[in-house]
Amino acid sequence: MVYHGEISAEQKALSMYLKMESGTSCNISKSSAQRICKSGCKSKAKSKPARTGRPNKIDARSSQTLVRSLKKCRKHSVNFDVKSLVKESGLSLQMASRRTFSRHLNLLGYRFLQARKKGLLTEKDRKRRLSFARKTKRLCLGPNANFWCDEVAFYLDGVSFVHKYNPFNAAMTPKSRVWRKKSEGLEITTKGSKELPGGQRVHVMVAIAYGKGVVLRVPYTKMDGPFFAQFIKEHFRIAFARAGPKQKGRRLFIMDNDPCQTSKVAMKALEDIEAEMHVIPARSPDLNPIENMFHLVKNDLQRQAICENITAESFNEFEKRILNTLDKTSVDVIDRTIDSMSG
């Protein structure tokens with residue numbers, strides 16, 4: 001309520017004194033105290049500054065379309081770039097540059113990350129790997145220091161090669177990366193999917209031995225328990241013979257824990273030939289050195305396609321080239337790969 005009466009000199013002097021005292025106690029100037037008294041105790045809310053810069057080139061609707069197209073593309077192929085994604089979504093690179101689309105995907109949480117070929121390790125897997133490491137450390141002490149070279153007869157695993165009608169173009173395309181979020185490691189993979197492009201696949205069972213190189217390479221069409229049991233009966237004695245005698249006379253070999261290869265019928269076939277499998281933890285391809293050899297062979301096949309300019313190749317020709325490449329793999333390279341297990 002506004003006071004309209006006359007203010008005495010004493011009242012004015014008191015108000016001036018209070019202003020001075022409040023300013024002194026609050027460590028502010030007289031003019032600041034006067035301004036605060038005039039404006040009262042209400043504080044003005046700070047308004048957000050107006051957004052500066054250019055408007056977004058990718059609006060909300062285009063962003064949703066881009067994400068939908070990304071998920072759709074990943075169902076058919078894991079190898080696609082930003083240009084292919086923009087084309088698939090129906091958008092145009094004229095509305096924004098490739099870099100702008102890429103940065104927009106990054107803002108949405110998507111990164112062009114390494115495509116996972118194996119599942120992520122669980123806490124149980126880590127404990128098993130730690131237990132395996134301790135057991136192996138005790139095993140490799142003393143006279144068993146060269147366990148991986150002197151006691152393991154051979155390392156076995158199956159590998160698949162995707163047939164491309166134009167190997168040169170396939171070798172020149174970027175691989176092993178996919179647009180995904182970090183949490184999607186178990187969903188987006190480049191292995192085990194039957195819906196990915198590329199046509200037929202060449203499946204080969206391969207075994208390598210220290211000092212002998214590749215001792216076995218047998219193409220196959222379908223892997224299951226009965227097939228692997230028959231494979232053991234037909235090829236394991238040959239593989240042990242080519243690997244040569246080992247310390248303590250053991251018929252020891254290493255392979256992964258594929259359910260088809262560790263089925264009851266397969267284990268029964270191993271008992272019949274008196275062979276013993278050295279079990280490694282699940283999701284641990286780094287504990288089987290043959291995986292490194294497969295990586296080298298696939299790189300060698302790509303180099304052949306580029307250097308020899310192979311622009312057309314049938315499935316049979318591709319299978320023959322794979323087997324020749326496996327046969328020509330250097331024994332010294334394989335020995336150094338197996339030696340690395342002791343480090």
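The following questions and answers concern a predicted model.

Colleague: How many helices and strands does the protein chain have?
Modeller: The chain has 343 residues, and buried residues make up 36% of them. Among contacts between residues at least 6 apart in sequence, 76% join residues at least 24 apart. The secondary structure of the chain comes to 13 helices and seven strands.

Colleague: Is I208 buried or exposed?
Modeller: I208 lies in strand β4, residues 201–209. Beyond its neighbours within four places in sequence, I208 is in contact with residues including A153, F154, Y155, V214, I290, M293 and I338. The cut-off for buried is under 20% relative accessible area. I208 has a relative accessible area of 0%, so the residue is buried.

Colleague: What is the distance in space between I208 and D157, C-alpha to C-alpha?
Modeller: I208 belongs to strand β4. In sequence, I208 and D157 are 51 residues apart. In space, their C-alpha atoms are separated by 9.2 Å.

Colleague: Are the rings of Y220 and F227 stacked, tilted or edge-to-face?
Modeller: The search of the whole structure finds eleven aromatic pairs. For Y220 and F227, the ring centres are 5.6 Å apart and the planes stand at 35°. Planes under 30 degrees apart count as stacked and planes over 60 as edge-to-face, so the Y220 and F227 pair is tilted.

Colleague: What kind of pair do the rings of F236 and F240 form?
Modeller: F236 and F240 both lie in helix α9, residues 225–243, and are four residues apart, about one turn of the helix. Both F236 and F240 are buried. Their ring centres are 6.2 Å apart with the planes at 75°, so the pair is edge-to-face.

Colleague: Which residues form one aromatic cluster with F236 and F240?
Modeller: F236 and F240 are in helix α9. One aromatic cluster includes these two residues.

Colleague: Which residue lies over the face of F161?
Modeller: A charge counts as sitting over a ring if NZ of Lys or CZ of Arg is within 6 Å of the ring centre and within 35 degrees of the ring normal. Here the distance from the ring centre of F161 is 5.7 Å. The residue over the face is K298.

Colleague: Where does E274 lie, given its positive phi?
Modeller: E274 is not a glycine, yet its phi is near 60°. At 65% relative accessibility, E274 counts as exposed. E274 lies in the loop between α10 (264–272) and β7 (276–277).

Colleague: What is the phi of N309?
Modeller: N309 lies in the loop between α11 (290–307) and α12 (315–327). At 46% relative accessibility, N309 counts as partly exposed. Although N309 is not a glycine, its phi is positive, at about 55°.

Colleague: How many charged residues are in the lining of the second largest pocket?
Modeller: The second largest pocket has a volume of about 390 Å³. Twelve residues line this pocket, and N56, K57, I58, T100 and R103 lie nearest its centre. By class, the lining has three nonpolar and four polar residues, and the charged residues number five.

Conventions: Residues numbered from 1 in each chain as written. Predicted model: local features only at pLDDT ≥ 70, side-chain atom pairs only at ≥ 80, totals over all residues. Heavy atoms only, no water. 1 Å grid on protein atoms, 1.4 Å probe; cavity = no way out; pocket = protein on both sides within 12 Å on 5 of 7 lines; lining within 4 Å. Points joined across faces, edges and corners; volume = space filled by probe spheres on them. Nonpolar A, V, L, I, M, F, W, Y, C, P; charged D, E, K, R; others polar. Helix = DSSP H or I, 4+ residues; strand = E, 2+ residues; numbered from the N terminus. Buried < 20%, exposed > 50% of the residue type's maximum accessible area, 1.4 Å probe, protein only. Contact = heavy atoms within 4.5 Å. Phe/Tyr/Trp six-rings, centres within 6.5 Å; stacked < 30°, edge-to-face > 60°.
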